[in-house]
Amino acid sequence: MRCGICFGVHDYRKLDVWTMSQRFVRDLYLATQSFPTREQFGLTRQLRRAAVSIPSNIAEGAGRGGRKEFARFIRIAAGSACEVDTHLQIGLDLGYLDFEQHARPGSVLETIKARLGGLERSLTAKP
């Protein structure tokens with residue numbers, strides 16, 4: 001189902017950063033399946049929640065209408081990306097992720113953060 005409101009000013013589904021962050025969430029869910037069950041309500045939940053917040057805030061910001069509001073939600077998505085980065089490091093430190101399992105999502109996450117920064121700058125640039 002498509003969000004009719006979102007097709008006015010910003011169609012978030014056409015943004016590479018939204019598509020990339022959606023794939024990132026899927027991959028992260030798969031990667032965290034191997035986390036210990038005792039972490040189901042701890043690190044696993046926090047990591048997944050923060051990851052889901054990235055594309056969700058992009059979509060919500062697009063649905064708000066104005067560029068200023070959209071930029072605010074992009075900054076929130078960037079904050080969630082930093083939170084995910086921290087949780088991934090904790091997963092590595094605790095031995096839940098090996099270096100390879102940490103490096104792959106970390107690399108994608110850096111690209112997502114850079115694209116969010118570029119999008120935020122384009123939304124706040126004066127014409």
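**Close-up 1. Ser-80 and its partners across the chain.** Skipping neighbours within four places in sequence, Ser-80 is in contact (heavy atoms within 4.5 Å) with Ala-50, Ser-53, Ile-54 and Asn-57. This is a predicted model, where local features need pLDDT of at least 70 and side-chain atom pairs count only at pLDDT 80 or more, while totals for chains, interfaces and linings use all residues. Residues are numbered from 1 along each chain as its sequence is written, and side-chain values use heavy atoms, with hydrogens and water left out. Ser-80 sits in helix 3; helices here are DSSP runs of H or I with at least four residues, numbered from the N terminus. Ser-80 counts as buried because its relative accessible area is 6%. The cut-offs, with a 1.4 Å probe and protein chains only, are under 20% for buried, over 50% for exposed, and partly exposed in between.

**Close-up 2. Ser-53 in helix 2.** One of the contacts of Ser-80 is Ser-53, which belongs to helix 2. Ser-53 has 14% relative accessibility, so Ser-53 is buried too. Val-25 is 28 residues away along the chain, yet the two C-alpha atoms are separated by 9.3 Å.

**Close-up 3. Helix 3 and what it packs on.** Helix 3 counts 27 residues, and its first and last C-alpha atoms are 39 Å apart, close to the expected 39 Å at 1.5 Å a residue. (The expected span is 1.5 Å times one less than the number of residues.) Its buried residues include Phe-70, Phe-73, Ile-74, Ala-77, Ser-80, Ala-81, Val-84 and His-87. An α-helix has 3.6 residues a turn, so residues three or four places apart point the same way. The partners of the buried residues of helix 3 are helix 1, helix 2 and helix 4. Just past the end of helix 3, Gly-95 has a positive phi of about 85°.

**Close-up 4. Leu-116 in the nonpolar core.** The largest nonpolar core holds 30 residues, and Ile-54, Ile-58, Val-84 and Leu-116 have the most contacts inside it. Such a core is a set of buried Ala, Val, Leu, Ile, Met, Phe, Trp, Tyr and Cys residues joined through side-chain atoms within 4.5 Å. Helix 2 gives the largest share of this core, eight residues. Leaving out residues up to four places away in sequence, Leu-116 touches Val-17, Ile-54, Ile-58, Ile-74, Ala-77 and Ala-78.

**Close-up 5. Helix 4 from end to end.** The 26 residues of helix 4 should span 38 Å at 1.5 Å a residue, and the 37 Å between its end C-alpha atoms agrees with that. Among its buried residues are His-102, Lys-113, Leu-116 and Glu-120. Helix 1, helix 2 and helix 3 are included in what covers the buried residues of helix 4.

**Close-up 6. The largest pocket.** Its volume is about 170 Å³, and its lining is Phe-24, Asp-27, Leu-28, Ala-31, Gln-101, Arg-104, Pro-105 and Val-108. Helix 1 (16–32) and helix 4 (99–124) each give two or more residues to that lining. On a 1 Å grid over the protein atoms alone, a pocket is an open set of points where a 1.4 Å probe fits, with protein on both sides within 12 Å along at least five of seven lines; lining residues have an atom within 4 Å of a point. Grid points are joined across faces, edges and corners, and the volume is the space filled by probe spheres set on them. Asp-27 is partly exposed, because its relative accessibility is 41%. Asp-27 and Arg-104 are 77 residues apart in sequence, with 9.9 Å between their C-alpha atoms.
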